[in-house]
Amino acid sequence: MPRDCDDSRMNVEISPSRVGGTVQAPPSKSYTHRAILAAGYADGATVTDPLVSADTRATMRAVEAYGGTVDRSADDSTLDIDGFGGQPDVPDDVIGCANSGTTMRLITATGALADGITVLSGDDSLRSRPQGPLLDAVEQLGGRAKSTRGNGQAPLVVEGPVDGGSVSIPGDVSSQYITALLMAGAVTDEGIEIDLETELKSAPYVQITIEVLDAFGVEAVETDAGFRVDGGQSYAPAGGEYAVPGDFSSMSYLLAAGALAADDELEVRGAQPSAQGDAAIVEVLERMGADIDWDRDGGVITTRQSSLSGIEVGVEDTPDLLPTIAVLGAVADGTTTITDCEHVRYKETDRVSAVAEELTAMGATVEEEQDTLTIHGGESDLQGATVDGRADHRIVMSLAVAGLVADGDTTIEGGEHVDVSFPDFFDVFEGIGATVTRE
Ligand SMILES: O=C(O)C1=C[C@@H](OP(=O)(O)O)[C@@H](O)[C@H](O)C1
Ligand SMILES: C=C(OP(=O)(O)O)C(=O)O
């Protein structure tokens, strides 16, 4: 199981606990990936407050493979990046994307700009995720892009250079294909016009891309049929710097912990509004009846424990919230129905099945359909159990939240996988009051 994790295998036991205090949100993974690659497409830039995690390190390695350099400050508070200026080199070696779908998709399109062949691979999970529509898009642009096994999955072989053009691509598999094409398209000669064949899922992530491109002086626009980026543009952020905002997907675990187990209050800082769809966690909690308050100007969200009720919520725009919402639903009174979740099956693991099975192991009643997950909460308390984190950071973190309020201790196998997006998650969890035992 080749993984890029700092820690070796770690099971984590969570005992029932109360939480409270003040905590800083970690920086956004999505913004960090884009900022690093945008700095790569530029002559260079300084990225401040980056998330340094296994996934974003994969994007740093990719920028270096294409001819840039990334210097991390001693405390990881800044990344000084020398870019490849829109003209990626042909990499000396296979680019290892580890567990990161964002890295693989975004830098596949970068490979299509290089005058030669790029080979990309990743861990077991990443090599089982869909890349076919992006490979097809590169071929529509005149490049060559193959899955070595012919199954639309990595290892991938990409050959450029492409000059831009028009592509037609499904929107309901991954928005990361669109992000990849927009970021690369800006430095092609002709630009790229994207026609969506099906409705776009995870749409806010493309808005994040457009926001980051704008900050780097690059324009990409939404059209009636999809998106367009003109070619011949140059990446350069104002003042040579780009600052990464806080991560609402990561915050969702802290806010859920507060809503389930904060006697006094839990305050999460670094919650400035941005294009992140996952800020919807605040509204989801409000609709469930949580005592939650968001000071948008101050970037502070405060939650207290209160009794929650089940709701119906669509995750077409917010796939990464599914595990968090499912755990909230398992504790809430009544039924929580999570709809529009088929694309959540294409993540690090099939998160719809994973959540259904692990919450069932904790005593919840869960029904799984292809595009819907129904959780009957409140009928019986969650029971502590040994659960499998599925080598998936979001499954691990959401089960840790469930462990706070389960009856008895919960052991989560594979706790080290939090390194993908929230490396100090268990320290932060302990810091707010959770009883955490690393085994
Ligand atoms: O572009 C991004 O930063 C992301 C897009 C989403 O994926 P999909 O577009 O594949 O749904 C999301 O699930 C992922 O965690 C991050
Ligand atoms: C799906 C995720 O990321 P990626 O697609 O980059 O692997 C995630 O962080 O939940």
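Guide: The account below begins with the chain as a whole, turns to the ligands, and then follows the loops and helices.

This is a predicted model, in which local features need pLDDT of at least 70 and side-chain atom pairs count only at pLDDT 80 or more, whereas totals for chains, interfaces and linings use all residues. Residues are numbered from 1 along each chain as its sequence is written, while chains are lettered from A and ligands numbered from 1 in the order in which they are written.

The protein chain contains twelve helices and 24 strands; these are DSSP runs numbered from the N terminus, with helices being H or I of at least four residues and strands being E of at least two. Its C-alpha trace spans about 60 × 40 × 40 Å along the principal axes. Of the 439 residues, 58% are buried. A residue is buried if 20 or more other C-beta atoms, placed from the backbone, lie within 10 Å of its own, exposed if 12 or fewer do, and partly exposed in between. Among contacts with a separation of 6 or more, 74% join residues 24 or more positions apart, a contact being two C-beta atoms, placed from the backbone, within 7 Å.

The chain is divided into domain 1 (12–26 + 246–438) and domain 2 (29–243), with bounds from an automatic or database domain assignment. The centres of the two domains, taken over C-alpha atoms, are separated by 29 Å. Across the boundary, 17 residues of domain 1 are in contact with 19 residues of domain 2. The side of domain 1 that touches domain 2 comprises seven nonpolar, five polar and five charged residues. In this classification Ala, Val, Leu, Ile, Met, Phe, Trp, Tyr, Cys and Pro count as nonpolar, Asp, Glu, Lys and Arg as charged, and the others, Gly among them, as polar.

The ligands come next. A residue belongs to a ligand's surroundings if its C-beta atom, placed from the backbone, lies within 6 Å of the ligand. Around ligand 1 stand Ser30, Thr102, Ser174, Ser175, Gln176, Thr179, Lys201, Ser202, Tyr205, Pro319, Asp320 and His343. This shell holds two nonpolar, eight polar and two charged residues. Ligand 1 lies between the domains, because domain 1 and domain 2 both give residues to its shell.

The shell of ligand 2 consists of Lys29, Asp55, Ser100, Gly101, Thr102, Asp320, Lys347, Glu348, Arg394 and Ser421. By class it has no nonpolar residues, four polar and six charged. Ligand 2 also lies between the domains, since both of them contribute to its shell.

Asp49, in the loop between strand S3 (44–48) and helix H2 (54–65), has a positive phi near 55 degrees. Asp49 is buried, with 20 other C-beta atoms within 10 Å. Arg390 occupies the loop between strand S22 (386–388) and helix H11 (393–405), and its phi is near 60 degrees. Arg390 is buried, with 26 other C-beta atoms within 10 Å. Most residues other than glycine have a negative phi, and most peptide bonds are trans.

Cis peptide bonds join Ala154 to Pro155 and Gly160 to Pro161. Pro155 lies in the loop between strands S8 (144–147) and S9 (156–159), and Pro161 in the loop between S9 and strand S10 (165–169). Gly160 is buried, with 25 other C-beta atoms within 10 Å. The C-alpha atom of Gly160 is 28 Å from that of Lys29, a residue of the ligand 2 shell.

The buried residues of helix H8 (residues 280–288) are Ala280, Ile281, Val282, Val284, Leu285 and Met288. They pack against H7, strands S16 (291–295), S17 (300–304) and S18 (312–314), and helix H9 (322–331). Just after H8, Gly289 has a positive phi of about 100 degrees.
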